Amino acid sequence: MAPPPDQREKKIASLVKAIVSLGDLARYKEQYNERQGRPKAGSEDLPVARWATTKGNGGNRRAGEELQRPRNYTRAMACYTQARLLYPESGHAFHQMAILCSYQADYFGQILNYYRSLCVEHPFTTASDNLVHLLTKLLEASKSESMESASDEEIPRTAIDRFKRDIVKLHALWRAKRASETELVAHTQHTLARFNKLLYERILPIGLIIKIYIAALGAHRTISILARKSTGTDAGKRTKVHAQKMEGVVLTHIMELHLVLVKLATEQLAPEVVSPGVSPPERITAVLRRILQTLRVASKWLIGNQDYLYRAANPEKSPQPGLTRVLGEFWPAYAQFATALSSTFPKDVVKDIQRVQLEEDVEFAGFTPLKKLLKPPEKLPTGIANQAHPNDEYLLRIRDILKDLFALVKSNVNPLKYQGGVYMSKTELFKSTAETSARSNDILSSINQNNGNGNTAGHLKAAEDDDIASVSTEDPVTMAMRTTLELSGNDLLDEMDDEQILVQPGAFSRMDAP
C-alpha cells in the first residue's frame with residue numbers, strides 16, 4: 001500500500017539514505033581489495049610491475065608480468081546513481097559521486113558533482129568546504145604547470161583533457177580572493193575561444209558540452225548564496241565581498257557560453273547549409289545535433305531568470321559594463337537564431353511528434369538554478385511507446401525551444417519581439433555605454449567597480465530579492481534549507497514549487513558514462 005502523501009517524501013528520503021550507504025559499503029570494499037593486481041589497500045595507484053618465476057623443463061623461466069588492474073567502483077556508482085534518480089532533491093548522492101571522481105583524478109567531474117550536491121532543495125553542505133579546498137589546491141597546482149599553447153594537431157582526447165583543465169582553472173579563479181584580475185580576464189577569453197573552436201570542430205562530446213554549461217550555472221548559484229550569506233566573522237565578510245564581486249562576472253560568462261551556442265546554431269540553420277526539400281531530421285546538421293540538448297537547457301534557464309537578467313543589466317541601476325555589453329549582443333543574436341529555427345522547422349513539422357522523456361529531463365530534475373522548468377512530463381506512455389527514435393528526440397528539443405520563444409516574446413522584461421514571421425530585438429533596452437570597449441576592459445571595470453563601492457553587488461542582490469519578495473509563505477523544506485545555509489529572510493534565490501519530482505528508479509543516464 002502506498003504511503004500517505006505527507007509521508008511519501010520522508011520514506012523516499014530514508015530509502016535513498018540506505019541506498020547511499022550500500023554504495024559506501026561497496027566503495028570501501030573495493031578500496032581495500034588487493035586481489036588480482038589491484039593497488040595496495042587504501043591506494044589508487046597501480047602497483048609496480050612484479051615478475052613471477054616458475055620452474056619448467058630445464059630450469060627457471062620468466063612467466064611474464066602480472067596483470068595490473070585498477071580499482072572498479074561500478075557497484076558504488078550504480079548505487080549513487082539510483083539514489084539521485086530516485087530523490088534528485090537531495091545532494092548526498094552527488095557528494096559521494098564527487099568522491100569517486102577524486103579517485104580517478106577527474107577534477108572537472110568532482111567540482112560538477114559538488115555543485116550539484118549544493119544546488120538542490122536539500123543540499124549536502126559538507127560539499128561547500130570540500131569544493132573550496134579542491135579549487136584552492138588546483139589553482140596552486142596550476143601555477144607550477146608550464147603554459148603550453150594548444151596545437152591544431154592535438155588528438156581529440158588530449159584536446160578534451162586540456163580544455164577540462166582550463167574549465168577547472170576558470171572555476172578556481174572565480175573563488176580565489178587573491179587571483180590576478182588580468183589573469184582572470186585572459187583565461188576567460190582563452191576558455192571561450194577554445195570552447196567555440198572545439199564546438200566547430202565537433203571534438204567536445206554532447207555530454208561534456210551540457211556539463212560545462214551546468215557547471216557554470218552551479219558556480220553562479222553557489223557564489224550567489226555566498227554573496228547573501230549572513231556572517232559575523234572577518235573571514236566570512238571577506239568571502240561575502242568577494243562573492244558579490246564575482247557574481248556578475250560568472251553571470252556574464254553564462255551568457256557568453258549561451259551566445260557561442262546561439263551563433264553556432266544560427267550558422268547551422270543557414271539556407272546554404274540546410275539543403276532545400278529534405279526531411280526535417282535531415283535539416284539537423286551534425287554540429288547542431290551536438291548542441292541542441294544544451295540549447296534546450298539554456299532556454300529553460302533563460303525563461304526562469306529573465307527578470308533577474310533585466311534588473312541586473314538595467315542601465316539605471318549601476319550595471320556591470322561586461323554584462324550589459326554581452327546582453328546587447330546576445331538578444332539580437334538570439335532573435336536571428338529564433339527566426340532561423342522557426343523558419344527551418346515550422347510548427348506543422350514538429351507539432352505531431354509524441355512527447356517522451358528526454359535524457360536531460362531526468363538528469364537535471366531537482367537542479368535548482370533551472371527552477372523546475374526542466375522536468376519529465378507528468379503523463380508518459382509505458383514500454384516501447386516511451387522509446388523515441390533519436391531523430392524524434394532532436395525534433396522534440398526543437399519544438400520545446402520554439403515553445404519557450406513564445407514565452408519570451410510575451411514577457412515585458414526582455415527585448416525579444418515577434419512581428420511578421422520574424423523575431424526582433426529591441427536592443428535599446430540594453431544600451432551599453434561601452435559598446436566599443438574591449439572585452440577585457442569590460443571585465444576589469446566590472447571587478448574594479450565592485451571593489452570600489454559594491455553598487456553592482458547590491459543591485460544584483462536587489463534583482464534577485466525582487467523576484468523572491470512575492471513569495472509570502474514557506475514550506476518546511478524551504479525553511480530547513482535556509483537554516484542549513486544560514487540565509488536570512490529574503491535570501492533564497494529560487495521559489496520552490498509544491499510539486500514533487502520522482503524519477504523512475506530503473507533509468508540510468510548516459511551522461512554518467514566517462
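**Reading helix packing and salt bridges**

Tutor: Let's begin with a helix pair: helix α4 (residues 107-118) packs against helix α6 (residues 156-175) at an angle of about 45 degrees, and their axes are 9 Å apart. That angle makes α4 oblique to α6. Keep in mind that this is a predicted model.

Student: What describes two packed helices in general?

Tutor: The angle between their axes, plus the distance between those axes. After that, look at handedness and at who does the touching. The crossing of α4 and α6 is left-handed. On the α4 side, the contact is made by Y107, F108, I111 and Y115, and on the α6 side by K164, I167, V168 and H171. Sorted by class, the contact of α4 with α6 has six nonpolar, one polar and one charged residues.

Student: How do α4 and α8 cross?

Tutor: The axes of α4 and helix α8 (residues 206-227) come within 9 Å and cross at roughly 50 degrees, so α4 and α8 are oblique to each other. Their crossing is left-handed. From α4 you get F108, L112, Y115 and L118; from α8, the contact residues are L208, K211, I212, I214, A215, G218, A219 and T222. By class, the contact of α4 with α8 has nine nonpolar, two polar and one charged residues.

Student: Are α7 and α9 roughly parallel or oblique to each other?

Tutor: Start with the angle again. Helix α7 (residues 181-200) and helix α9 (residues 234-268) have axes that come within 11 Å and cross at roughly 25 degrees. Angles under 35 degrees count as roughly parallel, so α7 and α9 are roughly parallel to each other. Here α7 passes α9 in a right-handed crossing. The α7 residues in the contact are L184, T188, L192, F195, N196, L199 and Y200, while α9 brings M246, V249, H253, E256, L257, V260, L261, L264 and E267. By class, that contact has 11 nonpolar, three polar and two charged residues.

Student: Now the whole chain. How many helices and strands are there, and what share of the residues is buried?

Tutor: There are 18 helices and four strands. Of the 514 residues, 51% are buried.

Student: On to the charges. How many salt bridges does the structure hold?

Tutor: It holds 20 salt bridges. Take K143 and E140, whose closest N and O atoms are 3.3 Å apart. Both sit in helix α5 (residues 126-143), and because they are three residues apart, about one helical turn separates them. K143 is exposed, at a relative accessible area of 58%, whereas E140 is partly exposed at 47%.

Student: Which salt bridge links R296 to another part of the chain, and is R296 buried or exposed?

Tutor: R296 pairs with E360, with the closest N and O atoms 2.9 Å apart. R296 belongs to helix α10 (residues 286-304) and E360 to helix α14 (residues 359-363), 64 residues apart, so this pair links distant parts of the chain. R296 counts as buried at 1% relative accessibility, and E360 counts as buried at 0%.

Student: What does K300 form a salt bridge with?

Tutor: With D404, the closest N and O atoms being 3.1 Å apart. This pair also links distant parts of the chain, K300 in helix α10 and D404 in helix α15 (residues 390-410), 104 residues apart. Both K300 and D404 are buried. Now zoom out: R296, K300, R355, E360, D361, R397, D400 and D404 are linked in a network of salt bridges.

Student: One last stop. Where is N305, and what does N305 touch?

Tutor: N305 lies in the loop between α10 and α11 (306-312). Its relative accessible area is 7%; buried means under 20%, so N305 is buried. Leaving aside residues up to four places away in sequence, N305 touches P369 and K371.

Terms used: Residues are numbered from 1 along each chain as its sequence is written. This is a predicted model: local features need pLDDT of at least 70, side-chain atom pairs count only at pLDDT 80 or more; totals for chains, interfaces and linings use all residues. Side-chain values use heavy atoms; hydrogens and water are left out. A salt bridge is a side-chain nitrogen of Lys or Arg within 4 Å of a carboxyl oxygen of Asp or Glu. Helices (H or I, at least four residues) and strands (E, at least two) are DSSP runs, numbered from the N terminus. Buried means under 20% relative accessible area, exposed over 50%, partly exposed in between (1.4 Å probe, protein chains only). Contact means heavy atoms within 4.5 Å. Axes are lines fitted to C-alpha atoms, for helices over the stretch in contact, and angles run from 0 to 180 degrees between N-to-C directions. Angles under 35 degrees count as roughly parallel, over 145 as roughly antiparallel, 65 to 115 as roughly perpendicular and the rest as oblique. A crossing is left-handed if the near helix is turned anticlockwise from the far one by less than a right angle, and right-handed if clockwise. Ala, Val, Leu, Ile, Met, Phe, Trp, Tyr, Cys and Pro count as nonpolar, Asp, Glu, Lys and Arg as charged, and the others, Gly among them, as polar.
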